[in-house]
Amino acid sequence: MSGSSASLQPPADAVKPVRHPDAPAPGDLLGAHYEHCFGCGPGQPHGLHLEARAGEGVALTAEFTVQPAHQGAPGLAHGGVLATALDETLGSLNWLLRTVAVTGRLETDYVRPVPVGTTLHLAAEVTAVAGRKIYSRAVGRLDGPDGPVAVRADALFVEVKVDHFIDHGRPEEIRAAMSDPDQVRRARAFEVNP
Ligand SMILES: CCCCCCCCCCCC(=O)SCCNC(=O)CCNC(=O)[C@H](O)C(C)(C)COP(=O)(O)OP(=O)(O)OC[C@H]1O[C@@H](n2cnc3c(N)ncnc32)[C@H](O)[C@@H]1OP(=O)(O)O
């Protein structure tokens, strides 16, 4: 069974996503958007350390290897961790649009259990854009990019201004992220294009 709810169906006036001219080239690693992000940050010892790579159009691939710290049932990935991997992968798409956006809705299908030690091969794409709303979907496969489907997700991201983070985040982390010497990461976190 699968099928996303009505709020994840793009409205009639939605348009096709447009890859930003300065988006990373197909095949390029995107890198982390934030040192301490649980999904992609290198500074999170138990994080997912997910690595995303730009694809053609507004699409990308990503990989995440399930560690013992990610278990729910013995020897199997926790469903919430798998949702995080999907969320992070889908969130990374926004860098190809050069838009800063946060997850408004994420719907996940769990199709097969994912054992510890498995590398989940994820593929995601933006399907439509309607104003601030970005519609996207992702799939995660076992044993390689063409392996059996383990998880799927449909999502709605909502574009936000940098104030979203300044108003709601803790000042110490915001200050540290804004003074990150890594220019690309700083731009990815805080650059908002009109
Ligand atoms: C430093 C690192 C940076 C880098 C940032 C990258 C981070 C990547 C991390 C992975 C991604 C995450 O986990 S992000 C973290 C998890 N997500 C969050 O914390 C978001 C918490 N929620 C919010 O802050 C808010 O609800 C927003 C921003 C999503 C929306 O609030 P808003 O800005 O007031 O906008 P609002 O008018 O309500 O909604 C705009 C349009 O979207 C629709 N909409 C809004 N929410 C939903 C929803 N759940 N389901 C359906 N539709 C929705 C509305 O109907 C409306 O449609 P219409 O009337 O226009 O038709």
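The shell around the ligand is made up of nine nonpolar, six polar and five charged residues. Here Ala, Val, Leu, Ile, Met, Phe, Trp, Tyr, Cys and Pro count as nonpolar, Asp, Glu, Lys and Arg as charged, and the others, Gly among them, as polar. The structure is a predicted model, in which local features need pLDDT of at least 70, side-chain atom pairs count only at pLDDT 80 or more, and totals for chains, interfaces and linings use all residues. Residues are numbered from 1 along each chain as its sequence is written.

In total, 20 residues surround the ligand, and the closest are Ser-7, Gly-91, Val-102, Gly-104 and Arg-105. A residue is near a molecule or strand if its C-beta atom, placed from the backbone, lies within 6 Å of it. Two or more residues of this shell are given by each of helix H1 (79-92), strand E3 (101-110) and E6. Strand E3 provides the largest share, four residues. Helices (H or I, at least four residues) and strands (E, at least two) are DSSP runs, numbered from the N terminus.

The backbone also deserves attention. His-49, a residue other than glycine, has a positive phi near 50°, and His-49 lies in the segment before strand E1 (51-54). Asp-143, which is not a glycine either, has a positive phi of about 65°; Asp-143 is placed in the loop between strand E5 (133-141) and strand E6 (149-159).

How exposed is a residue? A residue is buried if 20 or more other C-beta atoms, placed from the backbone, lie within 10 Å of its own, exposed if 12 or fewer, and partly exposed in between. His-49 counts as partly exposed because 18 C-beta neighbours lie inside 10 Å. Asp-143 has 12 other C-beta atoms within 10 Å and is therefore exposed.
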